[in-house]
Amino acid sequence: MTDAFPTQAAPPAPIPLPSPVLPVLPVDLTGRTALVTGGGSGIGRACVLALAQAGAAVHVVDRDAATAKAVAEIAGGEAHVADLSRPEAIDPLPTDVDVLVNNAGLQHVSALTEFPPETFRLMQEVMVTAPFLLLRHVLPHMYTRGWGRVVNVSSVHGLRASAYKSAYVAAKHALEGLSKVAALEGAPHGVTSNCVSPGYVRTPLVEDQVRDQATAHGVSEDDVLTDVLLARTPVKRLLEPEEVAAAVLWLCGPHAAGVTGTSLPLDGGWTAC
């Protein structure tokens, strides 16, 4: 008489992994040096504090001396006053940098037909030319050490366009492209280059935007947030600067050594629409 239940075959042996899986651990940047532009407030300030907490020696670059000094004191770092619209401002900055965070930026909202050409040029100088010059400034050190992390704070506007923001959209798209080139050239030297591309973040830049649009359209600031800024965002809230800084720090860890030439959207689902 045969068994009512046939004997089951032994389960297959597990397939060996080709290499150990690295756990995601807290990022340790002890012995590394970081430079953050626009480090006196907003996202830049949050990045400075996150990198310092991870053990990095930090250089805070900002055009406002008071805010740069205040953040540097909190982080135990060094402040540098620099107007990044001027190429000569790059030369005095340190070159022995292991982590470069290109964050400085500005905004102007106007129709193309009315956009001031001088403002357009200024925004490209700060958000495209300065990151390019800073890369030239610090990459030799990174290449020599065989390790480096470039994180460019882009924007959802580096991936999508909005009306009335021609200079900002053009600059962020250019920054995304520059970041990819740095990734390709840096790969043989152990240097990664990526963008973090947030949507609207609770920063002075965004708060100024909200206030200006509320005044221009005669509506409340809450209405500007829900009906204008966050209209295309499924997650109906502003990001906090610390959330962006956490992504920047994550890209500096050993678990992200294979992440390069990409953009990490922190946009509440905007680019999924």
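Begin by selecting Arg136, which at 58% relative accessibility counts as exposed, where exposed means over 50% relative accessible area, buried means under 20%, and partly exposed lies in between (1.4 Å probe, protein chains only). This is a predicted model, in which local features need pLDDT of at least 70 and side-chain atom pairs count only at pLDDT 80 or more, while totals for chains, interfaces and linings use all residues. Residues are numbered from 1 along each chain as its sequence is written, and side-chain values use heavy atoms, with hydrogens and water left out.

Arg136 belongs to helix H3 (residues 117-145); helices (H or I, at least four residues) and strands (E, at least two) are DSSP runs, numbered from the N terminus.

Next, colour the strands, where an open sheet of seven runs in the order S3-S2-S1-S4-S5-S6-S7 with parallel pairing, two strands being paired if DSSP finds at least two bridges between them. At the edges are strand S3 (78-81) and strand S7 (263-266), each of which pairs on one side only. On average, neighbouring strands of this sheet are turned by 15 degrees against each other, direction ignored; axes here are lines fitted to C-alpha atoms, for helices over the stretch in contact, and angles run from 0 to 180 degrees between N-to-C directions.

Zoom in on strand S5 (residues 148-153) and strand S6 (residues 191-198), which pair in the parallel sense over six bridges, and find Val151, whose bridge partner in S6 is Asn194. Then show helix H4 (residues 166-186), which lies across S5, S6 and S7 and runs at about 160 degrees to S6.

**Helix H1**

Now select helix H1 (residues 42-53), whose twelve residues should span 16 Å at 1.5 Å a residue, in agreement with the 17 Å between its end C-alpha atoms; the expected span is 1.5 Å times one less than the number of residues. H1 lies across strand S1 (33-37), strand S2 (57-62), strand S4 (99-102), S5 and S6, and runs at about 170 degrees to S1. Because nine of its twelve residues are buried, H1 is largely enclosed by the rest of the structure; among the buried ones are Cys47, Val48 and Leu51. Just after H1, Gly55 takes a positive phi of about 105 degrees.

**The cores**

The largest nonpolar core has 34 residues, and those with the most contacts inside it include Leu51, Val101 and Val196; such a core is a set of buried Ala, Val, Leu, Ile, Met, Phe, Trp, Tyr and Cys residues joined through side-chain atoms within 4.5 Å. The largest share of this core, seven residues, comes from H1. Centre on Val101, which, leaving aside neighbours within four places in sequence, is in contact (heavy atoms within 4.5 Å) with residues including Cys47, Leu51, Val151 and Val248. A second, separate core of 30 residues includes Ile90, Val97, Leu134 and Met142.

**The cysteines**

Finally, how many disulfides are there? With a disulfide taken as a pair of cysteine sulfur atoms within 2.5 Å, the count comes to zero. Cys195 is buried, with a relative accessible area of 1%, and its sulfur is 13 Å from the closest cysteine sulfur, in Cys47, which is too far for a bond. Cys252 is likewise buried, at 2% relative accessibility, and its sulfur is 8.9 Å from the closest cysteine sulfur, also in Cys47, again too far for a bond.
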